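Please read the sequence and the structure below together. The report after them describes the model in plain terms.

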Amino acid sequence: MLRFVGRRAAQAIPLLLVVSLLVFALIHAVPGGPLALYLDNPNVRPQDIERLRRAMGLDRPLTEQYLSWLWSFVRGDWGYSYADGRPVMDRLLERVPATLELVGVSTVAAVIVALLTGTLSAARRGFDRVATVAAVAGMSLPVFWFGLVLQLVFANQLGWLPSSGRSSFSGGGFVDQLSHLILPAAVLAAAHAAGWSRYLRGSMHQVLAMPFVLAARARGVGERGIVLRHALRHALLPFATVVLLDASIMASGAVVTESVFAWPGVGSLFTESLARRDYTVLMAFMMCASVAVVILSLVADVTVHALDPRTREQE
Amino acid sequence: MSTALRAFTARLPPPSSQAFRSGPWAAGVLLASLLLLAALAPFVAPYGVDVLDLANRRGAPSQSHWFGTDELGRDLFTRVLYGARISLAIGLVSAAVSAVIGVSVGSLAGYAGRWVDGLLMRVTDAMLSVPRLPLLMISAAVLEPGVPLLILLVGAAGWMETARVVRAEVQSIKARDFVAAARAVGAAAPRVVIRHVLPGVVPTAAVATTLAVGRGILLESALSFFGVGVQPPTASWGNMLYQAQTTMSSEPWLGVFPGAFIFVTVLCCNVLGNALSSPRHG
């Protein structure tokens, strides 16, 4: 077990190196480099740019820059934001709780909806038809448009829920915060619930076709027992891994949803930084998001390995 | 792998109802008519694309302007039709780009095996670990692309799913007897791959590409929505939404219609991809 974890972790390292190269190359592909923003600014003199370039080490060879950037990143020195001069790590960390709240709540909601509809779809044909249409529709929704339409209906027309932010200006209690959370969480949850319920339904169908289900039926196990105790239990593990493996899509979704609803999380920090071309923040965001995705897929692999003996026999 | 693709690649049980079977047909017809409308936009659009009607700005949908007018009095229906040309072109061509890269990488990795496979799949995994939309948003902000470069970017961000399914398919075909027979009579590797392996990959690649069309349209619209995609005055469904988001409460039609077109188009692509991936019945 420990050996397996160690080997997977070792495999994750070259993966992260490739990711870091990608992110680094991207930022340095800017015509003018990371200081491009200042080049267009008439208030910044050429000699200032030259001084900045030297101070930030941008005059050194690219490989040297990459290695020193990577080493500082690993040590937790992520540089300073171009926008306000504060340490990038502080800026990111202060936004993390809001994002965790939004992503956590919407993931839990999506998992519950997916479990219910996926199981029912596998068991009931009539329900399945409705669920299929709903799920394909859910997967096709442009997230930002769905957010705008929900804002329009529930905030502007009906006035039931606030349209943006995490709480009212006056602060507000638990109910106030909850009411701010409902719309963005619903938007983020919708697409995932759709995809995950389809996946669960697919693997339930595969399980239901297996001989052991036939054997259980032959022993006189009722339909409810077959679906819940036999099929669902088998389908749960792949379902859980899919949820973990979707972290990357979740990150993209959070960027869009947080921006539409002005949710003060990491995702809206990303769009704000993009508008200001605040490259240190953007690089740190990409690295953190990718590291999180890689770690979650590692967790998924290890979980499967620990819980499913069949995957161990293959080695 | 994307949620949609994974969900669809899990084999669906045979569709039973008439309604379900007619779904893909309806989606195909709808997509085809959208393509036709987009291609014929200069002839079917009720107004010129940049005709301003300053007396009639921010008009609600009416008999003369079906979808209303925007802040410059331009007819929204006309702009949606012209936007369709850009959005559909980006979706279709970027999917083709993804297909070319994905099939090349996937078949190379699957057929060559060993270290080539290891290297290519490591790169594929790395690309899948980077959140796609933020990556594209940075690239687009950095490069400030025109439409052709935007197509390349969206295509370059979407080949990984195709590469994975093609690789798996190639691996299974490679183990079949007819491939061994072709090799035994002395066919070189490129010939074996092109003549004997790739034809078997077509169905899988077709499904992945159909889904990539929808994804490409979504990505373009998201990029344009954040102002880093297609730049005005060129209309795309995404940048129409970008311009509409601030006036959503007073002039909702400016956002509702372009978004609805994105939604319906992507829906059609997904329904088609879904139908292509499930086994044929009748």
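Residues are numbered from 1 along each chain as its sequence is written, and chains are lettered from A and ligands numbered from 1 in the order in which they are written.

The model scores ipTM 0.82 and pTM 0.83. Over residues 1-19 of chain B the pLDDT stays under 50. Where pLDDT is low, the predicted coordinates should not be read in detail. Helices (H or I, at least four residues) and strands (E, at least two) are DSSP runs, numbered from the N terminus. The table gives the two ends of the range of mean pLDDT among the elements of chain B.

| Element of chain B | Residues | Mean pLDDT |
|---|---|---|
| helix 1 of chain B, lowest | residues 3-9 | 40 |
| helix 7 of chain B, highest | residues 147-156 | 90 |

Chain A has 14 helices and 0 strands. Its C-alpha trace spans about 85 × 60 × 35 Å along the principal axes. Of the 315 residues in chain A, 39% are buried (20 or more other C-beta atoms within 10 Å of the residue's own; exposed is 12 or fewer, partly exposed in between; C-beta atoms are placed from the backbone).

The two chains touch: 50 residues of chain B are in contact with 49 residues of chain A (two residues are in contact if their C-beta atoms, placed from the backbone, lie within 7 Å). On the chain B side, helix 12 of chain B gives the largest share, 10 residues. That side divides into 31 nonpolar, 14 polar and 5 charged residues. Here Ala, Val, Leu, Ile, Met, Phe, Trp, Tyr, Cys and Pro count as nonpolar, Asp, Glu, Lys and Arg as charged, and the others, Gly among them, as polar.

Within chain B, the axes of helix 4 (residues 76-112) of chain B and helix 7 of chain B come within 8 Å and cross at roughly 45°. Helix 4 of chain B is therefore oblique to helix 7 of chain B (angles under 35 degrees count as roughly parallel, over 145 as roughly antiparallel, 65 to 115 as roughly perpendicular and the rest as oblique). The residues of this contact divide into 11 nonpolar, 3 polar and no charged.

Technical notes:
This is a predicted model: local features need pLDDT of at least 70, side-chain atom pairs count only at pLDDT 80 or more; totals for chains, interfaces and linings use all residues. pLDDT is the predictor's confidence in each residue, from 0 to 100. Axes are lines fitted to C-alpha atoms, for helices over the stretch in contact, and angles run from 0 to 180 degrees between N-to-C directions.
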